[in-house]
Amino acid sequence: MPDFTRRSFALTVIGALAAHTQTSEDLSDLTLAEASARIRSRAVTPTQLTEACLARIQTYNPKLNAFISVLREQALAQATERDAEQRAGKLRGPLHGIPIALKDNIDTAGIRTTAASAVFDDRVPTEDAEVARRLKAAGAVLMGKTNLHEFAMGGTSATSYFGPVRNPWALDRNPGGSSGGSAAAVAADLCFGALGTDTGGSIRTPASFCGIVGLKPTYGLVSIRGIIPLTLSLDHCGPLTRTVEDAALLLNTLTGYDKLDIASVEHPKEDYVAAMKQPVAALRLGVPRAPFFDLLDADVAKAAEDAIGVLSKLTRSIKDVSLPPTRDIVLLGESYAYHEDLYAHESGRYQIPTRRALQGGANLKAADYVRSRWKLELLRRTIDDAFTDFDLVVLPTRRRTPRTIDAAIKREESDKPKNPELENTGQFNVYGIPAISVPCGFTSSGLPVGLMIAGPRFSEARVLALAQAYERATDWHNRKPPLKPDTPVPALKVTDETD
């Protein structure tokens with residue numbers, strides 16, 4: 001056999017073996033950045049990544065109920081188009097061919113968008129939300145629409161027309177809300193990243209409960225046009241990912257002024273992947289202990305203090321600080337304003353907790369709302385002043401670990417007076433400043449705990465830099481939920497757990 005023929009034959013065999021190895025590998029376990037690098041080097045194709053995620057979805061979505069709609073045929077068709085562009089050397093950017101999921105309150109043209117409600121069971125938008133348009137233009141592959149707390153009006157993702165979402169770390173627990181489906185999908189490797197929305201913590205809470213990264217950007221930095229609103233003055237959209245770098249990659253695509261979005265603000269374009277590589281040794285950190293450290297679960301308290309100890313070695317200084325109160329800013333009337341006509345004609349199609357919340361909004365006075373708006377505007381103009389002698393704050397993302405799904409449903413459907421939820425996230429929606437949750441430990445029962453890092457308006461790069469420095473100093477983000485194909489799904493049952 002001539003040398004050339006032998007060489008060609010050998011290369012063909014080697015190539016075939018490499019392709020087989022690559023195909024049999026669990027590609028869905030890669031981070032978004034790793035998957036992007038492999039597409040760039042042509043080690044994998046978008047179709048291979050998409051098929052890997054679809055296989056995971058087929059196995060684990062019946063256990064998690066993370067997706068309302070799985071777009072199998074459409075995703076494979078998009079991946080085939082991205083394959084052709086890859087072969088032609090025409091990559092659209094870091095998100096080219098990357099399987100992504102969208103929370104099902106984000107409009108997608110020609111694809112049902114339900115907000116997890118019977119009210120919108122047959123709703124099919126004619127236009128993409130701006131964030132969906134940006135992801136599509138960047139070459140991302142849309143895997144499907146994820147389950148959520150109905151109309152994003154809650155923090156457990158247990159109240160949904162399509163049934164509750166389950167936490168990948170413990171299937172009897174809620175994954176947090178309202179972006180619980182997005183967080184569960186990312187944590188269980190059903191996609192490489194997902195978008196959620198955050199009005200009172202609905203990106204950061206599920207990120208904390210599911211052991212992943214969740215970023216709420218500065219208010220107005222990412223367009224919310226085409227997203228079904230909860231409280232427009234507090235609504236944010238942002239990424240849920242496995243690593244901080246992955247969140248920065250998605251943020252690069254999502255940001256940009258949208259003149260048709262009344263919440264959008266003009267801000268110079270930044271490269272957050274590059275900017276997050278800045279050193280953190282000179283950063284001064286603040287710890288706002290009151291009220292954010294009050295009544296913490298013991299396991300959460302330990303994880304948070306351990307994380308603060310790690311950060312103290314990475315930065316210049318840490319001290320106790322305070323942030324402005326937000327308790328007298330109430331904007332519930334905005335939720336009712338969106339639902340007023342729908343509720344008047346279809347109140348019976350809403351879930352019981354959502355119906356009760358809307359009834360409360362109907363009784364608010366316009367003057368009270370206006371006064372709250374004035375206070376909100378003043379606070380957002382002055383919030384950066386709180387960071388005069390420190391750069392960022394760190395605190396537990398949530399004060400307690402997630403309830404069982406049974407307990408969450410019972411609490412939400414009960415009309416008995418109950419203690420308010422102790423949460424650390426909503427204040428940062430009022431401030432309108434960037435905040436990220438990163439994994440910082442586990443409870444004694446194996447549930448994830450999150451650490452929140454926040455900074456002044458438009459300090460995303462600095463927030464991401466500290467988050468990545470902490471991520472690199474620990475290994476919490478590398479741990480995976482103990483899901484197996486034969487993991488049993490516990491039945492929902494009545495419970496006495498109500499606290």
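Biologist: At what angle do helix α8 and helix α17 pack?
Modeller: In this predicted model, helix α8 (residues 244–254) and helix α17 (residues 460–473) pack at about 155 degrees, and their axes are 9 Å apart. Angles over 145 degrees count as roughly antiparallel, so α8 is roughly antiparallel to α17.
Biologist: Nice. Which residues make the contact?
Modeller: From α8 you have Val244, Glu245, Ala248 and Leu251. From α17 come Glu460, Leu464, Ala467, Gln468 and Glu471. Sorted by class, the contact of α8 with α17 has 5 nonpolar, 1 polar and 3 charged residues.
Biologist: Switching topic: which residues of helix α5 are buried?
Modeller: In α5 (residues 130–137), Glu130, Val131, Ala132, Arg134 and Leu135 are buried.
Biologist: And what do those buried residues pack against?
Modeller: They pack against the strands β2 (99–103), β4 (193–198) and β6 (236–241), and also against α8, the helix we began with.
Biologist: What follows α5?
Modeller: Glycine 139 follows α5, and its phi is positive, near 95 degrees.
Biologist: One more pair! How do the axes of α3 and α4 cross?
Modeller: The axes of α3 (residues 46–64) and α4 (residues 72–87) cross at roughly 155 degrees and come within 7 Å. That makes α3 roughly antiparallel to α4.
Biologist: Who touches whom there?
Modeller: α3 contributes Pro46, Thr47, Thr50, Glu51 and Leu54, while the α4 side includes Arg72, Ala75, Leu76 and Gln86. By class, the contact of α3 with α4 has 5 nonpolar, 4 polar and 4 charged residues.

Methods:
Residues are numbered from 1 along each chain as its sequence is written. This is a predicted model: local features need pLDDT of at least 70, side-chain atom pairs count only at pLDDT 80 or more; totals for chains, interfaces and linings use all residues. Side-chain values use heavy atoms; hydrogens and water are left out. Axes are lines fitted to C-alpha atoms, for helices over the stretch in contact, and angles run from 0 to 180 degrees between N-to-C directions. Helices (H or I, at least four residues) and strands (E, at least two) are DSSP runs, numbered from the N terminus. Angles under 35 degrees count as roughly parallel, over 145 as roughly antiparallel, 65 to 115 as roughly perpendicular and the rest as oblique. Contact means heavy atoms within 4.5 Å. Ala, Val, Leu, Ile, Met, Phe, Trp, Tyr, Cys and Pro count as nonpolar, Asp, Glu, Lys and Arg as charged, and the others, Gly among them, as polar. Buried means under 20% relative accessible area, exposed over 50%, partly exposed in between (1.4 Å probe, protein chains only).
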